[in-house]
Structures are given as C-alpha cells and as structure tokens.
Amino acid sequence: MDQSANPAPIGWATSSPGMTAAIGHTPLIRLRRASDLTGCEILGKAEFMNPGGSVKDRAALAIIDDAERRGLLKPGGTVVEGTAGNTGIGLTLVANARGYRSVIVMPETQSQEKIDFLRMIGADLRLVPAKPFRDPGNYVHVSRRLAEETGAVWANQFDNLANREGHRATTGPEIWAQTAGRIDAFTCSCGTGGTLAGTALGLEDAARAEGRARPRIVLADPEGSALYGWVKSGDMSISGSSITEGIGQSRVTGNLEGIAIDDAERIPDPEALDLIYDLLLHEGLSIGGSSGINVAAAIRVARQMGPGHTIVTILSDGGSRYQSKLFNPSFLREKNLPVPAWLA
Ligand code: PMP
C-alpha cells in the first residue's frame with residue numbers, strides 16, 4: 001500500500017524532531033504575591049521546565065546547532081565546556097541525543113545535585129578547584145586547553161555569540177508573544193550574559209518590527225559580581241559574595257558586548273532567599289538562587305515604575321538542584337543565613 005497517500009497527522013512521530021524539540025516554549029507564570037504587592041504584573045518565564053531543568057538548554061542547543069552548521073561537529077565528535085553545571089547538563093543531553101560525547105569542566109564548589117546529575121547522564125566530568133578568571137587554572141581556561149589538546153569542539157559559552165543568538169531567536173520572541181508586546185521591563189542576572197543579551201535583542205527586534213518602544217532592560221546582579229558597577233558607573237571592582245550559582249561575572253563577556261542595559265540592581269542573598277521560600281510555600285514554585293535574584297530585581301523595578309506595569313523575569317532553574325544548600329539548615333547556618341521556620 002502506498003503510505004504516502006495517507007500521511008500521518010501533523011506532529012505525529014513519522015518525522016519526530018527528537019528531544020531538542022522540547023527545549024523552549026516555556027510557560028510565562030504570573031507571580032501572584034509579587035504582582036499583588038506592587039500593583040504590577042510580574043511574570044516569570046519557567047525555564048526550569050526545559051528537559052535539562054534550566055535556561056541553559058537553550059544555549060546548549062544553539063551552540064551545538066551552530067557548530068554543526070559550521071561543520072565543526074561531526075558524528076562521534078566531542079564537545080568540551082567549562083560550566084557552573086547547567087550548561088554542562090544541557091550540552092550533555094543534546095550531545096547524547098545527537099551522537100556526540102561531552103567533556104564537562106566544573107568548579108568543585110557547585111552543588112552536589114548538579115555534579116550527581118552530570119555523572120548520571122554520562123558526562124565525562126572533570127572537577128577543578130574554584131579559581132578566579134585571571135588564574136590559568138580557572139575552569140574556563142582548563143576547558144579551552146582540553147579542547148585544543150584533544151581537537152574537540154570548545155563550546156565557549158561566554159564569548160560564543162551563538163549563545164545569545166539562541167535566546168534572540170527563541171526566548172525574546174516567546175516573551176513578546178506571551179505578553180502580546182505588553183512588556184515594560186525585563187530583569188535578568190548574568191553568568192555568560194547570553195540570556196540577558198539575547199532576550200533583550202529579541203525583544204528589541206520584536207518591538208522595532210511593530211514600531212513600539214523596547215522594554216527597559218535591568219541587570220539583576222548578586223553580591224561579589226562586577227557587572228552592577230559596570231552598568232551603574234563603569235567601575236568593575238568587586239565586593240561581597242553570594243551563595244547563588246551560575247551568575248555573577250568579573251568581566252564583560254563577548255555575549256554582553258554592545259548590549260543596551262538601562263539599569264542594574266544588586267541583590268543580597270537574604271532578599272533572594274526570602275522570595276524563593278515565599279514562592280515555594282505560597283505559590284508552589286520551586287526555584288533556584290539565580291531565579292530568586294531575578295524576581296527580587298523585578299519587584300524593585302515594579303516599585304520604581306509604579307502600578308500598572310508589566311515586568312518579566314527568568315526562572316532559570318529549579319530548587320531541587322540546590323536542596324543540599326538553599327534548603328539545608330546546616331549549610332544556611334554555616335553561611336550565617338536565616339533558616340526558614342519549616343526547615344528548622
Ligand atoms: N541561572 C543559572 C541557574 C545558571 O546556571 C546560569 C548559567 N550559568 C544563569 C542563571 C545565567 O545565564 P547566562 O549564562 O545566560 O547569563
């Protein structure tokens with residue numbers, strides 16, 4: 001029988017695009033208490049719903065797609081990356097789906113949950129001592145050298161513009177469509193800057209196409225990062241520290257270059273943690289540290305702008321990735337942070 005005369009329904013498995021089709025298209029969730037408190041609409045893009053559990057699945061897919069298009073990555077090839085963990089998870093899952101190997105270099109200070117998950121999904125994991133970027137032993141430099149020595153593809157998420165282009169093509173347009181263009185501000189923290197920069201560019205593209213004003217772009221920065229000072233005054237000195245993972249930066253990455261950032265908020269850990277616990281207990285949302293920083297900044301921006309505005313932020317990953325830290329009384333006590341009542 002001629003099968004072609006009776007095609008399968010659209011979306012049926014005859015030409016399934018595989019797991020990468022599940023990356024992105026995340027819901028935009030109204031944060032009820034933050035919205036009610038400020039009289040604004042505060043909305044969180046649920047990036048923890050990606051297959052690898054974080055916003056970094058988007059960057060991983062964009063970087064691998066780009067390396068394939070350039071002919072750098074061939075069947076059986078290897079991708080190497082230095083990461084706080086989430087990019088490593090995304091890259092490894094996409095590599096598994098496409099028939100590549102992954103070598104993941106990560107500072108040993110990152111959460112045990114991310115380490116365990118990377119091992120579980122088959123990454124060749126190399127833990128290294130945490131060192132500043134200027135030190136040759138820093139995980140980013142170790143990963144670059146490993147790629148050079150082995151002839152593997154170096155994902156180079158910090159300076160590889162495929163990272164922000166992935167967000168420009170997906171995260172930005174998704175948010176524009178989900179808000180019907182009614183977005184007054186976007187707040188976002190930065191590790192590589194890919195999410196902030198690419199989403200900002202995508203929103204700007206969409207606004208321009210409709211002859212509308214682009215939303216205000218506000219950096220959400222943890223203590224111990226140089227970017228707040230860079231945006232506010234150009235002074236990139238660093239003070240303080242944060243228990244959040246995957247965010248904070250000591251330099252202007254390639255992905256951040258040339259991006260119009262209107263303002264910045266520096267968020268202390270206790271302010272972010274309060275929101276993380278509150279969203280969990282009152283709205284059923286389990287989010288990680290960087291998401292808490294992002295929501296805190298959205299609330300500050302809402303207060304500055306006044307009622308009636310719509311502010312969008314990123315819920316970068318989920319709380320279960322940090323059970324042993326953010327939700328662990330002994331860890332919190334060790335860091336002199338308050339232990340929430342229900343965990344005490
Ligand atoms: N939040 C978390 C949990 C992350 O792992 C990362 C990536 N390191 C970010 C935020 C920052 O994203 P980006 O690299 O796009 O700036």
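Tutor: Of the 18 residues around the ligand, those that come nearest are Gly 191, Thr 192, Thr 195, Gly 246 and Ser 290; a residue counts as near a molecule if its C-beta atom, placed from the backbone, lies within 6 Å of it. This is a predicted model, in which local features need pLDDT of at least 70, side-chain atom pairs count only at pLDDT 80 or more, and totals for chains, interfaces and linings use all residues. Residues are numbered from 1 along each chain as its sequence is written.

By class, the shell around the ligand holds 12 polar, 4 nonpolar and 2 charged residues. Here Ala, Val, Leu, Ile, Met, Phe, Trp, Tyr, Cys and Pro count as nonpolar, Asp, Glu, Lys and Arg as charged, and the others, Gly among them, as polar.

The chain is divided into domain 1 (19-51 + 170-335) and domain 2 (55-157), with bounds that come from an automatic or database domain assignment. Each of these two domains supplies at least three residues to the shell around the ligand. The C-alpha centres of domain 1 and domain 2 are 24 Å apart. Their contact takes 26 residues from domain 1 and 18 residues from domain 2; two residues are in contact if their C-beta atoms, placed from the backbone, lie within 7 Å. On the side of domain 1 that touches domain 2, the classes are 15 polar, 6 charged and 5 nonpolar residues.

In short, the ligand has a shell of 12 polar, 4 nonpolar and 2 charged residues, drawn from both domain 1 and domain 2.
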